[in-house]
Amino acid sequence: MGKFDFGWVLLFLVILVYRVNVVSEGVIKVNSKFAGLETNLRALKAHDEMRHLHILAGIDLPIGGTGRPDSVGLYYTKIGIGTPPNNYFVQVDTGSDIMWVNCIACQRCPKRGYHDMELTLYNPRDSLTGKLVVCGQSFCKDFYRGPVLGCSGNSSCHYKQNYGDGSSSNGFFVEDVVHYDKVSGDLQTKSGNGSVIFGCGASQSADLISSDEAFDGILGFGKSNSSILSQLASSGKVKNMFAHCLDGVNGGGIFAIGNVVQPKVNMTSLVPNQHYSVNMMAVEVGYQFLNLSVDVFMNGVIIDSGTTLAYLPEVIYSPLVKKIFSWQPDLKLRYDEYTCFEYSGSVDDGFPQVTFHFENSLSLRVRPHEYLFPYEDLFCIGWQNSGNLSTDKWNLTLFGDLLLSNNLILYDLENQAIGWTEYNCSSNISLKDEITGLVHIVGAHTLSSCSRLTAEITLTFLLLVALLHNYLFNW
């Protein structure tokens with residue numbers, strides 16, 4: 001290739017890079033696929049039917065992070081928000097009823113967060129589709145279950161979200177387009193989007209501003225109508241069903257919205273008017289059932305992917321831990337943030353597995369290496385006594401990622417049921433398209449937070465490097 005020819009190619013690629021970076025600021029020309037053709041109702045109907053064939057196949061959310069307490073213990077995903085879209089890393093939380101991201105108005109929000117990821121502040125004014133949610137809108141009234149004192153008309157609808165670890169998020173609601181990966185075939189996705197209402201966080205507290213645990217926000221997958229799942233389902237975008245398989249070995253895993261048909265999962269009913277809660281019947285330690293009264297199970301068990309550890313009330317915690325350590329009576333326990341001890345052998349050989357039994361013959365088996373985790377030169381137990389925590393409401397039973405990892409968890413809100421099965425979260429699951437009847441494979445992800453470069457820019461850069469190499473060595 002001559003110098004003149006290479007110059008034109010290089011100029012073309014530079015223009016391409018420039019267009020990739022500025023296209024979001026320009027005007028996009030849109031042409032109808034029916035322009036210049038005789039439009040008829042049959043053609044329009046066929047077009048709409050083909051378009052709708054892909055709506056309910058499902059959504060594939062890439063997952064990163066890990067559920068191990070010794071490495072923070074958080075799972076997160078990446079979504080696009082706005083027009084043009086920006087990417088945001090948000091923690092996946094089935095125990096939260098709203099989605100929120102740090103807003104441009106946030107004064108104390110960190111610039112960098114989990115694993116030194118670069119954080120981005122959302123500005124509704126930078127989005128062509130962003131708009132404020134006001135007190136007069138039905139969403140605001142429904143969220144507060146009626147009128148709120150001092151909130152009326154066109155004033156901003158504010159929110160405050162409190163979390164069990166003492167952290168909180170405050171801000172106001174906005175509406176904008178959220179972009180996601182829509183399942184289109186086996187291990188294939190296409191871009192999709194939907195308009196949703198979420199929180200624009202103006203101030204955060206506690207761990208939400210910690211540089212070790214901070215994200216751009218939280219993606220709430222709770223049961224209420226304000227969650228992103230409920231909003232997308234009510235607009236006909238997806239089925240009101242989702243599943244996650246959190247990989248406790250390699251990190252990442254699977255998170256998909258839609259009807260999972262493979263693997264098959266035994267389901268049990270959700271407790272009405274609560275979070276994702278199920279009725280527990282018994283606790284088994286090393287093939288021996290704990291002698292517990294029926295009363296201790298009355299409040300149910302909350303399934304919460306936004307929590308790392310497992311919390312048990314005193315009446316369950318004490319006999320469970322006592323039974324576990326009876327297998328190693330000579331251990332010298334150390335009590336600090338966790339209950340820890342020195343141990344040089346295999347924990348799976350030296351400690352019992354724990355099995356929780358639920359209604360409809362559903363059970364959750366937890367092996368020793370799943371409830372015991374390494375911490376510096378010690379092993380620590382993942383069970384926490386919720387009765388010893390400062391807030392009375394924490395005298396409950398809650399299972400976090402330490403127990404949920406390495407299980408495929410299915411949430412069926414249309415039938416108010418939940419279920420799980422032990423599963424290799426580095427493998428695949430199958431989703432059924434409710435309209436076409438086709439079944440598509442969805443695979444695992446190990447999302448990296450290291451870069452926000454788009455695929456187009458990266459590809460163009462590699463092409464430039466390749467052409468420059470060819471020019472220098474073949475001139």
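Visitor: In which loop is Leu187 found?

Guide: Leu187 is in the loop between strand 8 (168-185) and strand 9 (188-204). Helices (H or I, at least four residues) and strands (E, at least two) are DSSP runs, numbered from the N terminus. Before we go on, note that this is a predicted model, where local features need pLDDT of at least 70, side-chain atom pairs count only at pLDDT 80 or more, and totals for chains, interfaces and linings use all residues. Residues are numbered from 1 along each chain as its sequence is written, and side-chain values use heavy atoms, with hydrogens and water left out.

Visitor: What is the phi of Leu187, and is the residue buried or exposed?

Guide: Leu187 has a positive phi of about 55 degrees, although it is not a glycine. Buried means under 20% relative accessible area, exposed over 50%, and partly exposed in between (1.4 Å probe, protein chains only). Leu187, at 59% relative accessibility, counts as exposed. Glu376, not a glycine either, has a positive phi of about 60 degrees. Glu376 sits in the loop between strand 24 (372-375) and strand 25 (378-381), and is exposed at 73% relative accessible area.

Visitor: How should I read the sheet, and in what order do its five strands come?

Guide: Strands of a sheet pair through backbone hydrogen bonds, either parallel or antiparallel. Here, two strands pair if DSSP finds at least two bridges between them. The five strands form an open sheet of mixed pairing, in the order 15-18-27-19-26. Strand 15 (277-278) and strand 26 (383-385) are at the edges with a single partner strand each, so one side of each has no neighbour in the sheet. Strand 19 (residues 310-312) pairs with strand 27 (residues 397-399) in the antiparallel sense over two bridges, and Tyr311 stands opposite Leu398 in strand 27.

Visitor: Which residues of helix 5 are buried, and why are they on the same side?

Guide: An α-helix has 3.6 residues a turn, so residues three or four places apart point the same way. In helix 5, the buried residues are Ile316, Tyr317, Leu320, Val321, Ile324 and Phe325. They share one side of helix 5 because they cover an arc of only 135 degrees around the axis, the arc being that of the directions from the helix axis to the C-beta atoms.

Visitor: Which strands does helix 5 lie across?

Guide: Helix 5 lies across strand 19, strand 26 and strand 27, running at about 135 degrees to strand 26. Axes are lines fitted to C-alpha atoms, for helices over the stretch in contact (heavy atoms within 4.5 Å), and angles run from 0 to 180 degrees between N-to-C directions.
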